[in-house]
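User: Please examine the structure shown below and answer some questions on its packing and its aromatic rings.

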Amino acid sequence: MRTQVIKSILEHPCTAFITTRSKTTSAQYVASRARDPSFEKLMEKYKNLIKVIAIQDLILANPTNSPSVSLDFLSRLSQKLHLNRGAASFLRRYPHIFHIFHNPTLSQSFCKLTDAALEISRQEAEAVNASLPVVVNRLVRLLSMSTSKSLPLRAIFKVWRELGLPDDFEDSVISRNPQLFRLYDAPEPNTHVLKLVDEIPNNHFTAAVENWRVTECCKDDCSVDRTEMQFSFKHQYPPGMWLSKSFRAKVKEWQRLPYVGPYEELGEKKRSKAGLMGLEKRSVAIVHEFLSLTVEKMVEAEKISHFRKCFGIDLNIRDLFLDHPGIFYLSTKGKRHTVFLREAYERGRLIDPDPVYDVRRKLLDIVILGRCRSLAAKLKPGEIGRVEEYGLQDENND
C-alpha cells in the first residue's frame, strides 16, 4: 500500500520523494518482493521460449517456400537476442524446433523450422484468425480506457502478440473496420495515432474485475465480505508471505475505497489523501483490465509503461505491481520484468485458456523437451502438451 508515502507527500511535498527513494531504491524494492515458486518456475521456461520466438519470427519473415536464415546472420544478432553461448549452440539445444543444414551453393550454414514447429505456427495463425471478432473487441476496449480514446500505433505494436492480434493487424483489423478505427498522423514525424471513430458510452463495457465480483457474490463460500464487494479486487498472496496485522488492515481499507473504473471518465483529479488513493486504485483497475485483455494474462512491465500517460496513470508502473502483491506478480527472470495477473493462474497454467494460448503452450512444451529425442518419438502430435507429466525440466539455461 502507498498510504505512508501519500501521507509523507502531503506533509512534505518537496522532500517526500527524495526521502522515500533514498531509503529504498527501485532495485532494492524489486529484490525484496516475496517470491512465488509457481510463477518463477513458469518464467524459467518462458525466458528461452521468448528467444525461440524471436528466431522463429526472423525465419518466417523470409518470403520463400522454405524460409530460413543463415547462421552468420543469427550470430551477428546473438547479443541482441541474449544468446550467451552463440546462435549455433542455442539452435542445437532445440532439435524439435530448428534444423541446421549446409547450403553448398552459398557455402554457408542455414537454419529453418522443423515440420513440428511449422505446424504449430500454422495452428497459431488459424487460431488468431478465428478469434478476430474477439481481437477487435479487445482493441476497442484498450482504446476506450485511454483518456483521449486514442493510442499511439507504436505502443500497440509493442503488445500486438500479447493481445492476440495478427501480424498484419493494420490491414486485417484496422483497415477492415473503418466504422470503429481511424489512423491519424501525429505531430511527431513518422508517428500515427489510432483513434475510435465514435464515442462509446461509459457503461458499454464491463471490466473483468466486475465480472469476478458478480461470480464471487453468488458463491456460498465467498472469500470477500459481501458488504465490501462493490470495490474489491481478488487477492492471492505468494505462499509463505507473512501478512502483518497492519498490512491486513490497510488492504481492508483499500478494498473499501471507491474509485473510477477503467472505462469511466476520470474527471478532475483531487489532490487530497482520499483522491490520491482513488487515483492509485483506478491505476490498479486499468492495469488489471489491461492484463485481462491479453492472451496469456502476462506482459513485460516496460511495454505497459508505453500506455501510462494515455491511461492517465501518474504512478511508477513497476512500483504499482510491487505495492499490490496480492493482485500482480512481478518476475525478473530472463533479464526482463514480467508482470502476471495472479488470479488468472493456477499452478503455472491459465485457469481459463483460449485457443491461441493453447497453441502457444504447445511450442512451450517443445521448448521444455529440449534435446530429449526418445520421449518426443513416443509422444503423438496431440500429446505434446503432456511433457510436464514426465517430469521434464528445461535444461537449456542459455
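User: Which residues have the most contacts inside the largest nonpolar core?

Analyst: The model is predicted, so local features need pLDDT of at least 70 and side-chain atom pairs count only at pLDDT 80 or more, while totals for chains, interfaces and linings use all residues. Residues are numbered from 1 along each chain as its sequence is written, and side-chain values use heavy atoms, with hydrogens and water left out. A nonpolar core is a set of buried (under 20% relative accessible area, with exposed over 50% and partly exposed in between, 1.4 Å probe, protein chains only) Ala, Val, Leu, Ile, Met, Phe, Trp, Tyr and Cys residues joined through side-chain atoms within 4.5 Å. The largest such core has 94 residues, and those with the most contacts inside it are Ile97, Phe98 and Phe181.

User: Which helix gives the largest share of this core?

Analyst: Helices (H or I, at least four residues) and strands (E, at least two) are DSSP runs, numbered from the N terminus. The largest share of the core is 9 residues, and these come from residues 37–60, helix H4.

User: How are H4 and H16 oriented to each other?

Analyst: Axes are lines fitted to C-alpha atoms, for helices over the stretch in contact, and angles run from 0 to 180 degrees between N-to-C directions. H4 packs with helix H16 (residues 355–369) at an angle of about 100 degrees, the axes being 9 Å apart. Angles under 35 degrees count as roughly parallel, over 145 as roughly antiparallel, 65 to 115 as roughly perpendicular and the rest as oblique. H4 and H16 are therefore roughly perpendicular.

User: How many aromatic pairs does the structure hold?

Analyst: Rings of Phe, Tyr and Trp (its six-membered ring) pair if their centres lie within 6.5 Å; planes under 30 degrees apart count as stacked, over 60 as edge-to-face and the rest as tilted. By this criterion, the structure holds 16 aromatic pairs.

User: How many residues apart in sequence are the parts tied together by tyrosine 237 and phenylalanine 247?

Analyst: Tyrosine 237 and phenylalanine 247 form an edge-to-face pair, 6.0 Å centre to centre with 70 degrees between the planes. Tyrosine 237 is partly exposed, at 23% relative accessible area, whereas phenylalanine 247 is buried, at 19%. Tyrosine 237 lies in the loop between helix H11 (208–217) and helix H12 (245–256), and phenylalanine 247 in helix H12, so the pair ties together parts that are apart in sequence by 10 residues.
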